[in-house]
Amino acid sequence: MGVDHQIAFFLRESAAPEPERRVAALKGLGRRGGAVHAPVLTGAAADPEPSVRAAAARALGRLGVPEAGREVLPSLMGDADPGVRSRACMAATRLGLDGPPVVEAFARLLSDPDRHVRIVALEALAALGVPGDATALTALLGDPDPSVWGRARTLLYVCKDDEAVRTEVIRTAREGAGAARARALEELPRQCTERLLDALLDGLRDPHPRVRLQAARRLLRVEQPQVQDRLAEALRTERDPEAAAVLLRGLGDRADGRLCDAAVPWLRDPVAGPPAARLLGVLGSDAAATHLRTALADRTVPGRARAACATAIGAGGRWDAVWLLLPLLDDPDDDLRAGVLDGLEHLVENGLRLWERHPVARALAAHLATDPRHVWRTRNALWGLTQALPAVRRLADTTDSGEVRAAALSLLDGDDATDEHARQDVRRFLRFLDDPHEPVRYEAVLGLRRWVDANGSWPPGPEHHRDRLTALTGDPSPRLRAAATDLLAASGTGRSGPG
């Protein structure tokens with residue numbers, strides 16, 4: 001059947017008594033017809049059957065005759081049937097229709113009860129780059145559907161320079177309710193905080209936790225003492241874990257002893273527990289330290305909260321910190337082990353007592369070989385702990401793990417030409433230039449770079465080692481190629497690698 005015969009068939013079928021036949025005919029005209037057939041489609045826009053009206057709207061979009069679409073689509077966008085409204089929106093967008101009647105029709109649909117229609121209307125207004133109705137658009141920030149409020153937020157940002165949009169977002173931030181107010185507060189630029197100060201302070205008592213959270217985030221940047229006092233009071237009365245976590249993190253740099261009692265109840269919470277522990281660690285009081293020890297010893301406290309307690313105890317550096325943390329290095333909880341390692345890193349960095357150095361060195365060196373999940377965390381805790389170097393050297397020579405070997409090499413200095421141990425470390429670096437694991441080769445090159453920087457020359461040894469380094473400038477690893485190239489330049493060989 002030729003195109004002319006098909007169109008003739010569609011035209012006959014468009015007047016068929018069965019709605020299904022009329023729908024099929026309109027779809028066919030949309031695909032095969034031309035501008036001359038637009039009147040058939042605009043006439044079908046008044047069909048009593050919603051499925052036919054929807055098919056007419058879709059066909060007008062496919063036909064590509066904007067004048068015909070402008071004639072009926074704004075009316076169909078107010079149809080009683082949501083499917084018709086949605087199809088009409090999509091057709092108007094496809095035809096690129098604009099102008100006041102079309103924009104007004106899209107704007108009305110921002111309050112449509114059907115979520116799909118709201119989404120289509122938002123996408124259409126975004127394509128036009130206009131807000132439609134600033135009040136209705138801002139109200140969608142409180143929509144329960146992320147697909148709706150997310151698109152509304154994006155369109156508000158696109159139209160942020162529109163005076164009506166700015167006014168409505170500020171009004172919602174001041175006087176709105178629930179999620180709409182919270183998201184309006186989130187959208188406002190930082191410079192609006194001062195003019196909204198009273199509303200933000202009031203927001204700390206809002207019944208909706210997201211409003212309290214957003215108000216706290218803004219107020220935490222305000223340095224005024226009375227504002228900080230109100231935030232501390234808000235922490236004492238807060239009952240939502242996420243809002244409490246924001247307050248605990250924001251107030252965590254204040255050595256205000258009044259915050260201790262407000263932080264302690266949150267130690268057992270999986271969300272607010274970690275920032276509560278960090279705050280108590282900053283306070284550093286005897287009472288705060290006691291609460292941290294108690295929570296660390298309590299296995300019913302969530303792992304992340306206990307981990308934060310361990311880190312805070314290490315950062316505090318009290319006399320019993322080492323002995324509290326070392327027994328937990330083998331705990332089955334990954335989060336807790338991470339916190340213990342971070343705590344030990346603080347202790348090593350701040351300087352261990354003489355009687356603590358060897359026990360910590362032995363424990364961490366052994367842990368480096370047995371905890372594959374936290375190899376580099378363990379390595380960081382070992383950094384600068386010279387008592388661990390003999391065990392680290394043995395590990396570099398004997399471990400089957402490439403990652404552990406790389407971590408061990410990174411701890412070796414190899415920069416003192418008068419030290420036999422350093423010269424042995426350099427020989428290790430040279431030997432491991434051929435290691436099958438890229439991290440090991442990389443750390444070997446960095447180790448040699450430390451020697452060259454300290455001594456101003458390539459370490460003594462067979463010529464083939466420099467040939468191997470030259471070959472590494474063509475390694476598949478970009479960082480290894482760069483490190484090898486830099487080392488060759490620093491050692492003054494004047495060589496360049498392949499590729």
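Biologist: Is D112 buried or exposed?
Modeller: D112 is buried, at a relative accessible area of 6%. Buried means under 20% relative accessible area, exposed over 50%, and partly exposed in between, with a 1.4 Å probe and protein chains only. Before we go on: this is a predicted model, where local features need pLDDT of at least 70 and side-chain atom pairs count only at pLDDT 80 or more, while totals for chains, interfaces and linings use all residues. Residues are numbered from 1 along each chain as its sequence is written, and side-chain values use heavy atoms, with hydrogens and water left out.

Biologist: OK, which side chain does D112 meet in a salt bridge?
Modeller: R85, at 2.6 Å, N to O. A salt bridge here is a side-chain nitrogen of Lys or Arg within 4 Å of a carboxyl oxygen of Asp or Glu. D112 sits in the loop between α7 (100–108) and α8 and R85 in helix α6, so the pair ties together parts that are 27 residues apart in sequence. Helices are DSSP runs of H or I with at least four residues, numbered from the N terminus.

Biologist: And R85, buried or exposed?
Modeller: Buried, with 8% relative accessible area.

Biologist: What does R118 contact, apart from its neighbours within four places in sequence?
Modeller: Its contacts (heavy atoms within 4.5 Å) include D112, along with L109, L110, P113, L140, D143 and V148. R118 lies in helix α8, residues 115–128, and is buried at 11%.

Biologist: How many salt bridges does the structure hold?
Modeller: 40. One of them joins D47 and R22, at 3.0 Å, N to O. D47 is in the loop between α3 (38–44) and α4, and R22 in helix α2, 25 residues apart. D47 is buried at 12%, and R22 is buried at 10%.

Biologist: What separates R337 and D334?
Modeller: About one helical turn, because they are three residues apart in helix α22 (residues 334–350). R337 counts as buried at 9%, whereas D334 is partly exposed at 27%.

Biologist: Which residues are linked in a network of salt bridges?
Modeller: R393, D397, D425, R428 and R431.

How values were computed
Helix = DSSP H or I, 4+ residues; strand = E, 2+ residues; numbered from the N terminus.
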